[in-house]
Amino acid sequence: MTRGRGYALLAAIVAAVVALSAAIYVGVATDDGTQTRNTRADGRLPNNSAAPASTGTWVGTWSTSPAGAEPGTETTGMADRSVRNVVHTSVGGTSARVTLSNLYGQSPLSITQASIAVAAGSGTPAALSDTLRQLTFNGGPTVVIPPGRQVMSDVVRVVIPHDADILITTYTPTSSGPVTYHPHARQTSYVARGNQAQDTTGTPYTEQSTYWRYLTALDVLSNESDGTVVVLGDSLTDGITSTAGANNRWTDVLSERLRAEIAAGRDLPRYSVVNQGISGNRVLTDGLGRPADNPSGLNRFGRDVLERTNAKVVVIDLGVNDILRNPRLADPNAILDGLRTMVGQAHARGLKVVGATLMPFYGHRGYTDPRESVRQQINAEIRAGRVFDAVADFDKALRDPYDPRRLRADYDSGDHLHPSDKGYARMAEEFDLESLKGSAPAEL
């Protein structure tokens, strides 16, 4: 063999080893916003039987924020249980992948089988049998997620419709707690004993749940969407008083409205909408624990906004809880500084930011005149254009015209803080769809 041929052979062997190493890279990441995806170094999809044949754009069709450690699961977690999370899509696609989180776990989370399927209807754990697919992780059915980490599944080929319920099931054979969860799902999910990840009948799923467990994102390869709108908020975005199972959060209505306007021929961005609301969330202050339950907007902004798939625009609706839950009088300048910090982080990643005015809460048990003054000061700065790139004036849209300190009666759920279904719909109607156009302004 000549020296030249020897070098050529060696180079070919090295190239093959590099390609193989890239192809089998394991997708486990810290759950702090650094998401490692199951893609090769060249950005192409893994070479497995589930890889999609079609093209499109990866976007988030649904997501939620890990909000805390589920009480009562500290010792056993969901051992020998199948958790069937039900989530609702904003756009459709031809392939899918999911993100699972063990952010609040204190021990490794072992998942030995997982699946995805289109639900047979609303309000049921039953699946359309021809849509059930096994999820894999780095090519295998099993994954172990260390404490504080998250994992993204391999891509699976399955048609995901828009405006549909999707069933994502995980089976955990051993004790692992506490469970990372999102408590105010406004959606019924299900639990079964034993490994029922491949069940399509729904019969074993005898236990209902108002939580989402482990699951934090569903992405799709879509020809319907070119990017993702990420909405960061508190219970007003979480939709805590909306009708359960009806998908009447204001973000749901916004997604439907955007799609309808585009279908009617309006020149608007083709975006999906995902909801990162956590009830009780604040701009500045974390909850208790390590990691913190209910992490502040500033704390979670990197993970819950910047690392959402193909994010293009962020909508921020936060600040009311900083006023209501502060035992002393909140400093409006501190809240505004926190909002501006998030805007700066978004701009650094090229994201446009739409911000919402803070809605009234007269009649709520936390109302005081000094707190109302803080709200008005914050809203004045927002309306003046000194915080966000564009404004959604939810305060103006939902307040009582005869008493602007309170919600209009038909927009009030009854607690004088959270909207009714009609109020949530009014929020979505107030949102200027034209504000989704463009990108972050250039820094001078």
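1. Helices (H or I, at least four residues) and strands (E, at least two) are DSSP runs, numbered from the N terminus. L215 belongs to strand β17, residues 215-222. This is a predicted model, in which local features need pLDDT of at least 70 and side-chain atom pairs count only at pLDDT 80 or more, while totals for chains, interfaces and linings use all residues. Residues are numbered from 1 along each chain as its sequence is written, and side-chain values use heavy atoms, with hydrogens and water left out.

2. L215 has a relative accessibility of 2% and so counts as buried (under 20% relative accessible area; exposed is over 50%, partly exposed in between; 1.4 Å probe, protein chains only). Its contacts (heavy atoms within 4.5 Å), leaving aside neighbours within four places in sequence, are W62, T64, N85, V87, V98, T99, L100 and I168. V151 lies 64 residues from L215 in sequence, with a C-alpha to C-alpha separation of 9.9 Å.

3. I168 touches L215 in turn, and also V83, R84, N85, V87, V98, S115, I116, L135 and L218, residues up to four places away in sequence not being counted. The largest nonpolar core has 33 residues, of which I116, I168 and L218 touch the most other members. Such a core is a set of buried Ala, Val, Leu, Ile, Met, Phe, Trp, Tyr and Cys residues joined through side-chain atoms within 4.5 Å. A second, separate core has 32 residues, including V305, L306, V320 and A330.

4. T61 is located in strand β2, residues 57-63. T61 is buried, at 1% relative accessible area. A polar atom of the T61 side chain is 2.7 Å from the backbone oxygen of V91, a polar contact (a pair of N or O atoms within 3.5 Å; within protein, one must be able to donate a hydrogen and the other to accept it, and residues adjacent in sequence count only if both atoms are side-chain atoms). Among the residues that T61 touches are H88, S90, L218 and V273.

5. The largest pocket has a volume of about 290 Å³. Of its 25 lining residues, H88, S90, R249, D252 and V273 are the closest to its centre. Two or more lining residues come from each of β2, β4 (81-88), α3 (250-263) and β19 (271-277), and α3 gives the largest share, five residues.

6. Helix α4 (residues 297-306) has seven of its ten residues buried: G297, R300, F301, R303, D304, V305 and L306. These pack against β18 (227-233), β19, β20 (311-317) and α6.

7. α6 has 17 residues and spans 24 Å between its first and last C-alpha atoms, close to the 24 Å expected at 1.5 Å a residue (1.5 Å times one less than the number of residues). At its start, a side-chain oxygen of D331 comes within 3.0 Å of the backbone nitrogen of N333. The buried residues of α6 pack against β18, α4, β20, α5, β21 and α7. G350, with a positive phi near 80°, follows α6.

8. Helix α7 (residues 369-383) has 15 residues, so at 1.5 Å a residue it should span 21 Å; its end C-alpha atoms are 21 Å apart, which agrees. T368 caps the N-terminal end of α7, with a side-chain oxygen 3.2 Å from the backbone nitrogen of R371. R371 is itself one of the buried residues of α7. After α7 comes G385, whose phi is positive, near 80°.

Methods
1 Å grid on protein atoms, 1.4 Å probe; cavity = no way out; pocket = protein on both sides within 12 Å on 5 of 7 lines; lining within 4 Å. Points joined across faces, edges and corners; volume = space filled by probe spheres on them.
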